[in-house]
Amino acid sequence: MRIVKIMAMFLLLVVAALVVIPLVVLAGLFIWLKLTEEGDEESLDLDQENL
């Protein structure tokens, strides 16, 4: 019976990792996008002024 509990805990840990890891990656990409968005707008403004 003890091995069943260990396997259940392992399965729960794997499922939790499969959910948490992609969410962390998406959050990191979203933060990176927000941080680099300002620089993109500034370069677009400079390009329009040069035209």
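The model is a predicted one, in which local features need pLDDT of at least 70 and side-chain atom pairs count only at pLDDT 80 or more, while totals for chains, interfaces and linings use all residues. Residues are numbered from 1 along each chain as its sequence is written, and side-chain values use heavy atoms, without hydrogens and water.

The protein chain has one helix and zero strands, helices being DSSP runs (H or I) of at least four residues and strands runs (E) of at least two. Of its 51 residues, 0% are buried, a term for under 20% relative accessible area, with exposed meaning over 50% and partly exposed in between (1.4 Å probe, protein chains only). The chain exposes about 5100 Å², of which carbon and sulfur atoms supply 75%.

Trp32 is found in helix H1, which covers residues 2-50, and it counts as exposed because its relative accessibility is 54%. Trp32 also belongs to a nonpolar surface patch whose members include Leu29 and Leu33.

Thr36, likewise in helix H1, is partly exposed, with a relative accessible area of 28%. The side chain of Thr36 reaches the backbone oxygen of Trp32 at 2.9 Å, and a polar atom of that Thr36 side chain lies 3.3 Å from the backbone oxygen of Leu33.

Technical notes: Patches are made of residues with over 30% relative accessible area and no salt bridge: like charges are joined within 9 Å, nonpolar side chains (Val, Leu, Ile, Met, Phe, Trp, Tyr) within 5 Å. Accessible areas come from the Shrake-Rupley method with a 1.4 Å probe; for residues, only the protein chains shown count as cover. A salt bridge is a side-chain nitrogen of Lys or Arg within 4 Å of a carboxyl oxygen of Asp or Glu. A polar contact is a pair of N or O atoms within 3.5 Å; within protein, one must be able to donate a hydrogen and the other to accept it, and residues adjacent in sequence count only if both atoms are side-chain atoms.
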